[in-house]
Structures are given as C-alpha cells and as structure tokens.
Amino acid sequence: MIKFLIITVLFFSSVFAKNITSNEVYTQVRLIQEEVHNLHKHFGTEHHHEDEGDAAHKVKTKLKPRNSWQKTYEILIKINILRNENNLPTIEPVNMTPVLNLNPDLTYEMTQRILTELRIFQYMVGIKSATQMPEKFQGKSSLDVFNGLSHISESLDELNKMGFTSSYVFGENMRVYDDLTIILQHLNIKDETIPAKQDMKATPMDTFNLGMEMLLKIKQLQIKSGIDFVDYSGFKKSKVTPSDVFAISGMIIAELQVIKAYIGLNDYITPAATKYNSKTPVEVDQLMNWNLRKLSLINSLEGRR
C-alpha cells in the first residue's frame, strides 16, 4: 500500500510539474515591455518602442538563462529608482543561492516579480495597468529573452531620465568583491592583494574592458573544469556608459554563481549592494582592477576544495 502511494505521488508530481520554456519567458518579457510602454505614455517621455524582432541587433551570441536572470535583477533595481523618484520606498531585489545550471523557470519567476512590481507602482500612482492577454511565441531562445530584457532596461533609463550612476556601479562591483573573497577563502588561496593606485584618467570604457578581461579569465577556469561557458566577445562596444559597466559587472556575478555552485558554495548568496554616494568612474575602475587581480589568483577550481 505504501509503495503504491509513493508511486502515485511520483506519477502525479511528474504529470503536473511545470517545465517553463524560453517561449513562455519571452511572452512575459513582451508583457513587461507593454507595461513600461504604458508608463511612457502616461508620463509623456520619449522612447523607442521596439516591435518583436528589433532587439535582435543588441547581442549576437549564444546565451544562457543565467544571463537573462541577471538582467531581471538589473531591471528590478531600475524599478526601485522609479519608485524612489515618485516618493515610494524601495524594495530589495530578490537574490538566490548559486546553481550550476539555471533553468528558464527561475527567470520566469523573476518576470512575474517585475510584472507585479510594475503593476503595484501603477496602482500606487493612479495609473491604469496595460494588462492584456499574452501572445504566444514559438522558437524563442535565451538570446531573445535577454535582448528583450535589455530593451526593457534601456527603456526604464528613458523613463527614469537617467542610467546607472558610478555609485550604483561601485555597489555592484562590491558584490563581485564579496563573491571573489569567499571563493578565495573556500579554495584556501592566500589573498594579499590591495587596491592599486587610482588611474585619474580612467573612463567607463577602461573599466568595461577590465570586466571583459575578467569574463575571459572566468571562461578559461570554466573550460578547465568542464563547466558550460558563455562567450562574451559579442558584448564588446565602441561606446560605453556607466550602465554598460553595471551590465558587464552583472554578467561577472552571474558567472561567479556557477563557480560557487561548482566548488560547493551553494549556500552563499551574494549580498545585496550597499548604497554608495558620490562615487566616481575612477573609483569604480580602481575596484574593478582590484577584483581582476583577486580573480587572477585562481589558476584552477580543482584539487583545492
């Protein structure tokens, strides 16, 4: 009898378990775009409202759900900026324990949080939501989801009349610092690095390139360990803003989650960013440089756990 009950429970669990696809996540992304577009109409801000295919030029490389998840985190921070500008209290963005292979289900969860936050905001300021029946899509990939979320992020910059400042970027890089510190400790790697002298001529482009170098080093570590990696060469830009540096810092955090999961740091959740004020691009560059030197201490993820 007990055996029968166990088999029955397992059967119904498998029948009713929801397996979210990139198509379903993309549908939610389109709903978010409509909600943000609705806010633009209400506030009368100028913006570029893309149709379904226009985001494809943004990034052209094979991405994974972890990239999209990190972009949703970025969007929640920008919703907090919107709340703050409208005299509403901010809400700490959701974070989670590291996983080796993040599946679309978790990105879908984040899109639901974003939709909820946007609808709460509209209710609080007296705006009618743009709620509509979702359109169904086919053949969508993690890249489509990421590019759609990137458009939403940029659209929120237009709505907020600002992108990320250096203070926000500094806070995101302190999260990178925290992750690298715990990884080095777990691998028993002695860390005697200290901040280098500030480069007073450093620009966001310089810092962005440091971030790209970090992603390349992380990729090399992942290849050595047989971890499925992402090629970020398609993220290169000819013009860079602090928001671009924030975005590349987010991708570093996304990849560090994979490393933490691989070495057994599954319970270490990256702390939320502390609020910083009056940080400059030079200070961000100094911190990114320090993070790169900390990362360079790791030659292998094997044999030191």
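The side chain of Arg113 meets that of Glu109 in a salt bridge, with a nitrogen-to-oxygen distance of 3.8 Å, in a model that is predicted. Both Arg113 and Glu109 belong to helix H4, where they lie 4 residues apart, about one turn of the helix. With a relative accessibility of 32%, Arg113 counts as partly exposed, and Glu109, whose relative accessible area is 38%, is partly exposed as well.

Because Lys78 and Glu74 are 4 residues apart in helix H3, about one helical turn separates them. Lys78 is buried, its relative accessible area being 2%, and Glu74 is buried too, with a relative accessible area of 6%; the cut-off applied here is that buried means under 20% relative accessible area.

Lys78 and Glu74 also belong to one network, in which salt bridges that share partners join them with Lys71 and Asp157.

A search of the whole structure finds 13 salt bridges, and one of them is formed by the side chains of Asp228 and Lys64, at 2.8 Å from N to O. This pair links distant parts of the chain, 164 residues apart: Asp228 lies in the loop between helix H7 (204-225) and helix H8 (242-263), whereas Lys64 lies in the loop between helix H2 (22-43) and H3. The two partners fall into separate accessibility classes, since Asp228 is partly exposed with a relative accessible area of 45%, while Lys64, at 14% relative accessibility, counts as buried.

## Packing of helices H3 and H4

Two packed helices are described by the angle between their axes and by the distance between those axes. For helix H3 (residues 65-85) and helix H4 (residues 104-124), the angle is about 15° and the axes are 9 Å apart. Since angles under 35 degrees count as roughly parallel, H3 and H4 are therefore roughly parallel to each other, and their crossing is left-handed.

On the H3 side, the residues that make the contact include Pro65, Trp69, Tyr73, Leu76 and Ile79, and on the H4 side they include Pro104, Met110, Ile114, Leu118 and Phe121. Among the other contributors are Arg83 of H3 and Glu117 of H4. Sorted by class, the contact of H3 with H4 has 14 nonpolar, 3 polar and 2 charged residues.

How values were computed. Residues are numbered from 1 along each chain as its sequence is written. This is a predicted model: local features need pLDDT of at least 70, side-chain atom pairs count only at pLDDT 80 or more; totals for chains, interfaces and linings use all residues. Side-chain values use heavy atoms; hydrogens and water are left out. Axes are lines fitted to C-alpha atoms, for helices over the stretch in contact, and angles run from 0 to 180 degrees between N-to-C directions. Helices (H or I, at least four residues) and strands (E, at least two) are DSSP runs, numbered from the N terminus. Angles under 35 degrees count as roughly parallel, over 145 as roughly antiparallel, 65 to 115 as roughly perpendicular and the rest as oblique. A crossing is left-handed if the near helix is turned anticlockwise from the far one by less than a right angle, and right-handed if clockwise. Contact means heavy atoms within 4.5 Å. Ala, Val, Leu, Ile, Met, Phe, Trp, Tyr, Cys and Pro count as nonpolar, Asp, Glu, Lys and Arg as charged, and the others, Gly among them, as polar. A salt bridge is a side-chain nitrogen of Lys or Arg within 4 Å of a carboxyl oxygen of Asp or Glu. Buried means under 20% relative accessible area, exposed over 50%, partly exposed in between (1.4 Å probe, protein chains only).
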